[in-house]
Amino acid sequence: MSLSATRHRTVEVQGQQIFYREAGDPARPTLVLLHGFPTSSHMFRDLIPALADEYHLIAPDHVGFGHSSAPPLGEFDYRFDRLAEVTEALLDTLGVHRFAVYLHDYGAPIGLRIATRHPDRVTGLVVQSGNAYLEGFTPFWDVLFAHAKDRATHEPAVRQLLTVEATRWQYTHGVPADLLDRIAPETWLLDQAGLDRPGNAEIQLQLFWDYQFNLDAYPDFQRYFREHRPPTLVTWGRHDEIFGAAGAEAYARDLPEAEIHLLDTGHFALETHGAEIADLIRAFLRRTGTP
């Protein structure tokens with residue numbers, strides 16, 4: 001089988017079965033793709049083959065998502081610190097020591113934890129709707145931050161974010177009417193199937209609650225940007241109502257050489273602008289010599 005073909009694999013990492021997609025020659029520069037909520041490595045299904053002729057790509061499913069283990073609460077510590085530890089251990093298990101990293105949504109606090117701990121390993125950042133600044137938080141977050149302070153009172157409202165209507169909205173909001181036909185319905189239906197697994201709602205509620213501690217890490221992330229100046233490409237939906245465009249523009253504060261593109265779409269920019277983003281990534285990695 002050609003190395004450019006996507007391989008679907010599972011490996012045990014710290015007692016968890018971690019599913020990942022891989023393509024490309026491992027001898028070539030590696031790009032690690034980290035997904036967000038409520039999706040999985042499936043979000044990179046088209047980007048991976050688009051870049052596999054020139055790069056080595058690895059896209060894991062986080063614990064609790066996709067085809068990776070999803071142990072119930074009490075059997076796994078569902079915190080972003082812990083998800084970052086598992087991701088780092090996966091890369092060590094696969095022998096991936098230097099890599100650029102694609103950060104989307106939840107993938108941003110996971111990947112940036114790794115980068116701040118091991119700046120010598122991370123050769124560049126590609127950011128899509130992944131906050132590292134307070135700018136960019138939209139009214140979408142009001143109920144989540146209220147939930148962080150009072151879980152019992154606000155849990156019923158937060159549970160609405162786990163419904164199929166909310167999942168579909170994440171894919172379609174902010175997408176121009178003439179591009180809506182690019183959104184394949186299996187995307188949100190696949191994500192919803194994961195959310196609907198027994199016990200998964202409780203996993204997601206715990207991660208919603210833990211998200212507040214990512215903000216405490218932002219000063220460390222920003223210090224990493226200033227001190228290490230990783231080459232950075234930002235490709236972000238201009239109309240994203242989850243992580244607003246101000247979150248993209250904020251990267252320029254500490255990374256003045258960052259290349260920032262606001263695209264005419266919403267939160268899941270790869271669904272409508274996948275080919276454009278692939279071209280931007282290829283040009284960025286070639287230009288910056290990453291790694």
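Which residues of the largest nonpolar core touch the most other members? Select Leu112, Leu125, Phe208, Phe225 and Tyr251: of the 64 residues in that core, these touch the most other members. (A nonpolar core is a set of buried Ala, Val, Leu, Ile, Met, Phe, Trp, Tyr and Cys residues joined through side-chain atoms within 4.5 Å; buried means under 20% relative accessible area, exposed over 50%, partly exposed in between, with a 1.4 Å probe and protein chains only.) Helix α2 gives the most to this core, with seven residues.

Before moving on, two notes. This is a predicted model, where local features need pLDDT of at least 70, side-chain atom pairs count only at pLDDT 80 or more, and totals for chains, interfaces and linings use all residues. Residues are numbered from 1 along each chain as its sequence is written, and side-chain values use heavy atoms, leaving out hydrogens and water.

**Stop 1: leucine 112.** Show what surrounds leucine 112: leaving aside neighbours within four places in sequence, it is in contact (heavy atoms within 4.5 Å) with Leu103, Leu125, Ala132, Phe221, Tyr224, Phe225 and Tyr251. A second, separate core of 25 residues includes Met43, Ala52, Leu270 and Ala278.

**Stop 2: helix α9.** Now select residues 212–228, which make up α9. (Helices, H or I with at least four residues, and strands, E with at least two, are DSSP runs numbered from the N terminus.) Look for the bend of about 40 degrees at tyrosine 218, with proline 219 following within four residues; the bend is the angle between axes fitted to the seven residues ending there and the seven starting there. Colour the buried residues of α9: Asn214, Ala217, Tyr218, Phe221, Gln222, Tyr224 and Phe225. Their cover includes α2, α3, β6, α8 and α11. Just after the helix, arginine 229 takes a positive phi of about 45 degrees.

**Stop 3: the sheet.** Show the strands. Eight of them form an open sheet with mixed pairing, in the order β1-β2-β4-β3-β5-β6-β7-β8. (Two strands pair if DSSP finds at least two bridges between them.) β1 (7–13) and β8 (259–263) are at the edges with a single partner strand each, so one side of each has no neighbour in the sheet.

Zoom in on β1 and β2, which pair antiparallel over seven bridges. Arginine 7 sits opposite glutamate 22 in β2. The hairpin has two residues between these strands, and glutamine 14 takes a positive phi near 50 degrees there. Seven of the eight residues of β2 are buried, so β2 is largely enclosed by the rest of the structure. On to β4: four bridges join it to β2, running antiparallel, and arginine 21 stands opposite alanine 59. For a parallel pair, pick β6 and β7, joined by three bridges; valine 127 stands opposite valine 234 there.

**Stop 4: isoleucine 48.** Is isoleucine 48 buried or exposed? It's buried, at a relative accessible area of 0%, and it is found in helix α1 (residues 47–51). Setting aside residues up to four places away in sequence, isoleucine 48 touches Thr6, Arg21, Ala23, Leu33, Leu57 and Ala59.

**Last stop: glutamate 88.** Select glutamate 88 in helix α2 (residues 80–93). Glutamate 88 counts as buried because its relative accessibility is 14%. Residues up to four places away in sequence aside, glutamate 88 touches Ile114, Arg117, His118 and Arg121.

Definitions and conventions
Expected span 1.5 Å × (residues − 1).
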